[in-house]
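Here is a short report on one protein chain.

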Amino acid sequence: MKRRFAPLLMTFTALVLSTGLWIPAASAANILIHMKTSLAVDDAQICAVPNVAWAAVKAGHKVTILVDASAVTSVTKGFGWFRKLIGSESTALDRAGLPEREQQSLSEQMGVPLEQVPHNYGEYVDFLKNKLGVDIYGNQTMMLLYKIDPDRVAASVTPIPLAKMVQLFEAAEQILVY
């Protein structure tokens, strides 16, 4: 009896493995992207955030971005003594253009016409929130520490207190830090 059962079991196992029936179905994850580094400190980190967010949304995940630490300065209109002096109404992300090669790559990878790809990172953040439904929050306490008036923060970023930040971390199934 054992000799008959073993080949049957091996055949069944091979069939299951070859058809992929053993692989659990992918489900949408709740992903929190913790954006901590300002554009002035390391542009590579902060510029990766929207690309990862778009790819995650495209894959069917729910994405939230938390702008924290020095990154709050990059979403603030007129941050810095010179920008305050001249009364700038743009953020550092508004002034950071997406390189043409990155626009082309995003167009190809995301399957959208080139003209629909944002031209700067400020537009990109707005696109994520307004077109793709990404929730974007900013650490209100860090804004206070940097002497940032929450009214000067980009419209796509909602300032939140620490208690709400804790809720975001608790609700996240995956946390990516940049």
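## The cavity

Ala, Val, Leu, Ile, Met, Phe, Trp, Tyr, Cys and Pro count here as nonpolar, Asp, Glu, Lys and Arg as charged, and the others, Gly among them, as polar. By that scheme, the lining of the largest cavity has ten nonpolar residues, no polar ones and no charged ones. The model is predicted: local features need pLDDT of at least 70, side-chain atom pairs count only at pLDDT 80 or more, and totals for chains, interfaces and linings use all residues. Residues are numbered from 1 along each chain as its sequence is written, and side-chain values use heavy atoms, with hydrogens and water left out.

A cavity is a set of points, on a 1 Å grid over the protein atoms alone, where a 1.4 Å probe fits but cannot get out; lining residues have an atom within 4 Å of a point. Grid points are joined across faces, edges and corners, and a volume is the space filled by probe spheres set on the points. One cavity of 30 Å³ or more turns up in the whole structure. The volume of the largest cavity is about 50 Å³. Its lining consists of Met35, Val49, Pro50, Ile65, Val67, Val75, Val125, Leu128, Ile136 and Val157. α2, β2 and α6 each give two or more residues to this lining.

## The chain in outline

Helices (H or I, at least four residues) and strands (E, at least two) are DSSP runs, numbered from the N terminus. The protein chain has eight helices and five strands. Their order from the N terminus is α-β-α-β-α-α-α-α-β-α-β-α-β.

Buried means under 20% relative accessible area, exposed over 50%, and partly exposed in between (1.4 Å probe, protein chains only). Of the 178 residues in the protein chain, 39% are buried.

## Nonpolar cores

A nonpolar core is a set of buried Ala, Val, Leu, Ile, Met, Phe, Trp, Tyr and Cys residues joined through side-chain atoms within 4.5 Å. The largest has 38 residues, and Met35, Trp54, Ile65, Val67 and Tyr124 touch the most other members. At least two residues come from each of β1 (30-35), α2 (43-58), β2 (62-67), α4 (92-95), α5 (100-110), α6 (121-130) and α7 (140-145). α2 gives the most, with six. Apart from this core lies another, of seven residues, including Leu66, Tyr137, Met165 and Leu168.

Which residues does tryptophan 54 touch? Contact means heavy atoms within 4.5 Å. Not counting residues up to four places away in sequence, Trp54 touches Leu106, Met110, Val112, Val117, Tyr124, Phe127, Leu128 and Leu132.

## Strand pairing

Two strands pair if DSSP finds at least two bridges between them. β2 and β3 pair in the parallel sense over four bridges. Here threonine 64 stands opposite aspartate 135 in β3. β3 also pairs in the parallel sense with strand β4 (residues 158-160), over three bridges. Tyrosine 137 has threonine 158 in β4 as its bridge partner.

Strand β3 (residues 135-139) has four of its five residues buried, so it is largely enclosed by the rest of the structure.

Isoleucine 175 is in strand β5 (residues 174-177). Its relative accessibility is 40%, so it counts as partly exposed. Isoleucine 175 touches Leu32, His34 and Phe169, not counting residues up to four places away in sequence.

Threonine 91 sits in the loop between α3 (81-86) and α4. Is threonine 91 buried or exposed? At 3% relative accessibility, threonine 91 counts as buried. Leaving aside neighbours within four places in sequence, threonine 91 contacts Ser74, Val75, Thr76, Lys77 and Ala154.

Definitions and conventions. On a 1 Å grid over the protein atoms alone, a cavity is a set of points where a 1.4 Å probe fits but cannot get out, and a pocket is an open set with protein on both sides within 12 Å along at least five of seven lines; lining residues have an atom within 4 Å of a point.
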